[in-house]
Amino acid sequence: MIRELRGFPRIGPSRGRGGDKGAYPTDIPPVSRFLNILFVFSVLCGSASAALPNIVFIMSDDHAYEAVSCYGSWLKDDVVTPNIDRLAKEGMRFTNFACNNSICSPSRASFLSGQYSHKNGCTGLNGAIRKDAPIFASELGKAGYQTALFGKWHLKNVPDYFQTYKVVKGQGKYFDPTFLTRKGTEKKTGYSSDVYTDEALSWLKAHDEKKPFLLCLQFKAPHHDYSYAKRHDNFLEGHTFPEPATLHEDVTKTSALLKNPYWAHMSRNRAYYGRHWKDNKPPMRPVTDHKDTRAVTSAAYQHMMLKYARCVAGVDENVGRVLKYLDDQKLSEDTIVIYTSDQGYWLGQHGFYDKRLILDTSLKMPFVVRFPGHIKAGTLNENLCANVDLAPTLLDYAGIEIPKTMQGRSLRPLLEGTSADDWREALWYCYWGGTPNHWGVRTDRYTLVKFPGTDEIEFYDNEKDPDQTRNIAQEADYASTIRVCEAQLARLMKEVDILPAELPKKATSKHPAGPWTPEQGNPDDQKRPKRKPARK
Ligand SMILES: [Ca+2]
């Protein structure tokens with residue numbers, strides 16, 4: 001259903017295929033008024049598609065914003081992403097864009113549905129979205145868009161929300177992917193990021209130019225184990241990556257409930273070092289004493305970063321291929337291009353790899369949007385935004401009524417620099433997948449974390465402690481602030497409509513905490529505790 005018959009305010013003249021989609025102020029000349037009426041008429045006749053923006057949504061898997069150079073982290077000169085940076089330079093970059101459950105399937109479900117995990121039903125890995133959940137791709141398809149998805153899907157549902165899809169099963173493989181399509185399976189040869197993009201561009205070349213399109217390109221990279229294309233075999237060979245300030249944090253002392261039991265550590269628990277110390281491509285840097293935790297952690301970090309940087313290079317190059325295609329076909333002016341990741345990722349902070357925690361690096365992800373003439377180039381947004389906001393945003397730009405069951409908000413006022421005084425002041429977060437289970441709130445300054453089965457909390461002042469190394473839950477000076485945040489969390493739970501019974505029940509952790517030793521061998525070979533069945 002067309003919600004509003006309106007044009008899109010443009011900052012400059014239209015140069016793309018879609019014709020002039022300028023704003024329609026009250027002082028427009030008579031000829032333009034006539035064109036306006038014509039536009040309205042064409043919408044009513046169901047042929048408004050020429051005036052609707054195309055959408056390219058590119059989502060990688062586990063791409064930390066710290067490994068996108070325009071985000072300016074300690075890695076900005078080491079992991080360089082010129083093509084994603086170009087999008088930020090020509091559009092808007094979000095610095096506080098978050099997931100509400102930092103793991104693959106749930107974040108994808110929230111992007112698609114505009115709903116938090118407990119609402120769309122996908123709370124854990126390999127989960128399914130409830131049948132009654134709204135899906136932006138379906139809504140766009142009904143409104144006349146050509147819709148297509150290529151790459152990683154990672155949900156139990158069949159992706160038939162899209163008219164065309166070629167998706168891989170589960171995590172997919174880095175090389176020679178097999179796609180599930182509407183017509184059966186298709187096996188391709190090559191590196192996943194390249195093949196996914198080949199397929200996406202082939203589809204674009206064949207699309208009906210008379211209709212707007214939605215193209216979702218979803219990379220497997222740079223997910224662990226960060227396999228890279230052959231052309232990057234020698235990329236950054238011998239490079240030493242700077243270490244994050246908290247790489248050697250003693251998490252046994254700083255965070256008993258959240259960080260200490262977390263399994264994805266460089267040298268502890270399910271240690272990265274233990275999983276990769278015998279790797280050949282590339283080899284782990286030699287460590288003379290395996291009890292030297294500092295040396296083990298540093299070696300693991302360098303190994304991870306080299307592979308990760310090579311993997312990210314493949315993602316960025318393919319983003320560049322898409323942008324070049326849009327330029328060559330003169331589609332850039334009429335296309336909203338979004339680059340994001342399904343969550344953040346630990347690149348050594350607190351000694352971690354992986355994601356899953358409410359703390360900033362796994363909570364926040366890169367999010368950049370370009371829409372020339374509508375979003376001012378080189379702008380920055382610092383509002384607390386979330387993956388649930390994507391679906392309403394796209395429907396808003398397509399002039400489609402946003403279903404009431406979508407819980408996110410359209411980012412359009414933020415993207416266009418109009419008023420957003422009543423924007424949210426806190427982000428809801430809940431994680432059900434063990435590691436440990438927790439929930440809480442991220443305000444513009446503080447992080448409050450709660451756990452099942454205990455009244456103990458963790459609390460961080462992100463203004464005074466941006467690295468989140470000081471749990472100040474027991475500090476008397478913060479008692480009243482914590483009470484304010486507790487009240488904020490209670491309000492947020494009502495707002496997102498989650499009942500206490502829907503919160504995770506136990507603070508399960510899959511791996512016992514402790515330093516890795518060579519006697520343990522590869523932690524991947526150890527028998528893991530049985531997982532609880534996924535919450536329905
Ligand atoms: Ca992921």
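1. A word on terms before anything else: helices (H or I, at least four residues) and strands (E, at least two) are DSSP runs, numbered from the N terminus. This is a predicted model, where local features need pLDDT of at least 70 and side-chain atom pairs count only at pLDDT 80 or more, while totals for chains, interfaces and linings use all residues. Residues are numbered from 1 along each chain as its sequence is written.

2. Have a look at Leu247, in the loop between strand E8 (213-218) and helix H7 (251-254). Leu247 counts as partly exposed because it has 19 C-beta neighbours inside 10 Å (buried takes 20 or more other C-beta atoms within 10 Å of the residue's own, exposed 12 or fewer, partly exposed is in between, and C-beta atoms are placed from the backbone). Setting aside neighbours within four places in sequence, Leu247 is in contact with Thr297, Tyr301, Gly348 and Gly351 (contact puts the C-beta atoms, placed from the backbone, within 7 Å). Ser298 sits 51 residues from Leu247 in sequence, yet the C-alpha to C-alpha distance is 8.0 Å.

3. Next, strand E9 (residues 335-341): seven of its seven residues are buried, so the rest of the structure largely encloses it. Thr335, Val337, Tyr339 and Ser341 point one way, Ile336, Ile338 and Thr340 the other, and all are buried.

4. What does E9 pair with? Strand E1 (residues 54-60) pairs with E9 in the parallel sense over seven bridges (pairing takes at least two bridges found by DSSP). Phe57 has Ile338 of E9 as its bridge partner. Strand E10 (residues 367-370) runs antiparallel to E9, joined by four bridges, and Val337 has Arg370 of E10 as its bridge partner.

5. On to helix packing. Helix H2 (residues 82-90) packs against helix H9 (residues 293-328) at about 50°, axes 7 Å apart (axes are lines fitted to C-alpha atoms, for helices over the stretch in contact, and angles run from 0 to 180 degrees between N-to-C directions). That makes H2 oblique to H9 (under 35 degrees is roughly parallel, over 145 roughly antiparallel, 65 to 115 roughly perpendicular, and the rest oblique). Pro82, Asn83, Ile84 and Arg86 of H2 meet Asp316, Val319, Gly320 and Leu323 of H9 in this contact.

6. Finally, the largest nonpolar core has 141 residues (a set of buried Ala, Val, Leu, Ile, Met, Phe, Trp, Tyr and Cys residues joined through C-beta atoms within 7 Å). H9 supplies its largest share, 17 residues. Leu394 is one of the residues with the most contacts inside this core; leaving out neighbours within four places in sequence, Leu394 is in contact with Ile55, Phe136 and Leu140.

Key
Contact = placed C-beta atoms within 7 Å.
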